[in-house]
Amino acid sequence: MRAFPVAMPSGQRYWTVLDDDLEVVPVPDQWLRNLRFGRDRAELTTKAYAGGVALYLRWCRATGRRWPEAGRDLGLFMVWLKHTPASLDGVVPVVQPGPGAVPVRGERRINRVLVAVRGLLAYAVSVAEAPRSVLGQIYELADSRDLPAQAQGEDAGLFYRLRPVHWLQEPETKVDRAADAELVAMFGACHSARDRLVVLLFGRVGLRRGQAAGLRRSDVHLLPDSRALGCEYPGAHVHVCWRENVNGAWSKSRHAWVAPLDFLTVSAFDLYYEERHRLLGPGGSDFLLVNLFRAPLGVPMSPEALGELCARLGTRAGLARRVGPHMARRAFGSNVADAGGSPDEVQVLLGQRNPDSSWPYRFPDPARVRAAVERVPSPRALARREEDR
């Protein structure tokens, strides 16, 4: 069992599941195709779900279970996921883990696979390919009391919902930002104007790598007044739009937003345009970031290529750790807050609709936190203040 991409005549793609004879598995294929085109989910979503379903079908085959009825044994599937490698010389072994066995998949990965499996089984029930009793095996009835306050609604009334039966508690992972010194070192390690622009798009504009890779030249407005272009937004800026791109780039957020540019980033755009014209001429792809130094020249860079570029720049700069695009995005959000930006300003600059979504991107500078503590009056100062009243 394996995940496999399918290209439609329209050029759109989705991912499906093939068996060992390279035949499409019908029900998973129907579900994944419906997700992609019936529910307008992203291609990468079907890729992730197809990989999870392939693991589930592989486990069912290895253990002699029928996949539409194996929902009652998802606990055993979780153990299998935790300790069974993806493959061993093309054959998936049935591993009997002993004490001290090192897990091959973490809690987060297992939970993501379970999301795909539950989606497949629920769809199979809806099209009469699995018994209705499966839903009772994978979901349990719960109420809203264990939900965060933000999710309980304004009336705070009690309501009931379906909660997954099988789920692992994920350990808290440390979320980190790139240090300013690290971004400066990566900027100094760049050998081209294009690479310097990439670093600034992450560290001073706050774009995700999919958003940067999906930018078109027509999305960039560098004039102080863009009304001649039909755009009312003042000053230099880029339009970040959700669209399907041939290089696999996705904006993640479906709503379009505008990211303002500072003088340093505008200068980097100017230098990059001069470099691109010198190497490629006036033609080439409408994508902003393209291959300039290796074949095929002029084709758009992929999100993965931007991630690899950041890794190379970090190595070239001698950084002690790998600094990725999202760490630079967190640095941008943190720097805006440290410079006095309000939470709603951080939210808008990061292109987020929910005000709470910007919290993971705010890492206060330790000096600012210490200054806040030192502003608190000492007990002696408080006492003198009381005496003066």
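## Lining of the second largest pocket

The lining of the second largest pocket comprises 9 nonpolar, 2 polar and 3 charged residues (Ala, Val, Leu, Ile, Met, Phe, Trp, Tyr, Cys and Pro count as nonpolar, Asp, Glu, Lys and Arg as charged, and the others, Gly among them, as polar). The model is predicted: local features need pLDDT of at least 70 and side-chain atom pairs count only at pLDDT 80 or more, while totals for chains, interfaces and linings use all residues. Residues are numbered from 1 along each chain as its sequence is written, and side-chain values use heavy atoms, with hydrogens and water left out.

The volume of this pocket is about 330 Å³ (the space filled by probe spheres set on grid points joined across faces, edges and corners). A pocket is an open set of points on a 1 Å grid over the protein atoms alone where a 1.4 Å probe fits, with protein on both sides within 12 Å along at least five of seven lines; lining residues have an atom within 4 Å of a point. Of the 14 lining residues, L183, L200, G203, R204 and N335 are the closest to the centre. Two or more residues each come from α6 (180-188), α7 (193-203) and α11 (325-338), and α6 gives the most, with 4. Helices (H or I, at least four residues) and strands (E, at least two) are DSSP runs, numbered from the N terminus.

## The antiparallel sheet

An open sheet of 3 strands has the order β5-β6-β7, with antiparallel pairing (two strands pair if DSSP finds at least two bridges between them). Because β5 (220-221) and β7 (257-260) are at the edges with a single partner strand each, one side of each is left without a neighbour in the sheet.

Between β5 and β6 (residues 237-240) there are 2 bridges, and H221 stands opposite H237 in β6. β6 and β7 are joined by 4 bridges; V240 has W257 in β7 as its bridge partner.
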